[in-house]
Amino acid sequence: MTDPKGDAFAMPSTTITQRDLVFPARGANPDLLPAYALIPEQYRNPEPSRDPEALKWAAFQSLWFFHGLPATVQLYPRPGINSQQAFDHLRVVQGCYGSPHEHKAAAVAWLASQWFFDYDFDGAAGPGSNPS
């Protein structure tokens, strides 16, 4: 999971199993959940930062956590990212009980921003659309 530059979270995990998806306790492990201090400040506190990218992904994480994602959700992966591996990694982190909610929320928003460049809920609108 480490890239040549040493960024351990540049790529999603390739070790997520079906068991992890059903019982996501492993989501608190440091190989899946970045240390809170590693997550950029704008993802830990998106509102005061007013960073549009951080706010977009914080809204995605919040909707997912509190309401679930609509069946029409479409995620647009960055080049070289396996979208299913990335989404599974996010699911395990989002669903684990071993870390504080704020830590998981910041991690999911930040990791999603690293692995996807956009999302929409229309399923056919294409990248760059405004999710609503």
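This is a predicted model: local features need pLDDT of at least 70, side-chain atom pairs count only at pLDDT 80 or more; totals for chains, interfaces and linings use all residues.
## Burial

A residue counts as buried when its relative accessible area is under 20%.

## Nonpolar core

The largest nonpolar core has 30 residues, and Trp57 and Leu90 touch the most other members. At least two residues of this core come from each of helix H4 (52-67), helix H5 (83-95), helix H6 (101-115) and strand S2 (116-120). With eight residues, H6 gives the most to the core.

Leaving aside residues up to four places away in sequence, Trp57 touches Tyr43, Leu75, Ala109, Ala112, Ser113, Phe116, Phe117, Asp118 and Tyr119.

## Aromatic pairs

There are eight aromatic pairs in the structure. In one of them, the rings of Trp57 and Phe60 have centres 5.3 Å apart and planes at 75 degrees; planes over 60 degrees apart count as edge-to-face, so this pair is edge-to-face. Both residues, Trp57 and Phe60, belong to helix H4 and are three residues apart, about one turn of the helix.

Tyr119 and Phe121 form a tilted aromatic pair, at 5.4 Å centre to centre with 50 degrees between the planes. One aromatic cluster is formed by Trp57, Phe60, Trp64, Phe87, Tyr119 and Phe121.

## Charges over rings

The charged end of Arg44 lies over the ring of Tyr36, 5.4 Å from the ring centre. Likewise, Lys104 has its charged end over the ring of Tyr97, 6.0 Å from the centre.

Methods
Residues are numbered from 1 along each chain as its sequence is written. Side-chain values use heavy atoms; hydrogens and water are left out. A nonpolar core is a set of buried Ala, Val, Leu, Ile, Met, Phe, Trp, Tyr and Cys residues joined through side-chain atoms within 4.5 Å. Buried means under 20% relative accessible area, exposed over 50%, partly exposed in between (1.4 Å probe, protein chains only). Helices (H or I, at least four residues) and strands (E, at least two) are DSSP runs, numbered from the N terminus. Contact means heavy atoms within 4.5 Å. Rings of Phe, Tyr and Trp (its six-membered ring) pair if their centres lie within 6.5 Å; planes under 30 degrees apart count as stacked, over 60 as edge-to-face and the rest as tilted. A charge sits over a ring if NZ of Lys or CZ of Arg is within 6 Å of the ring centre and within 35 degrees of the ring normal.
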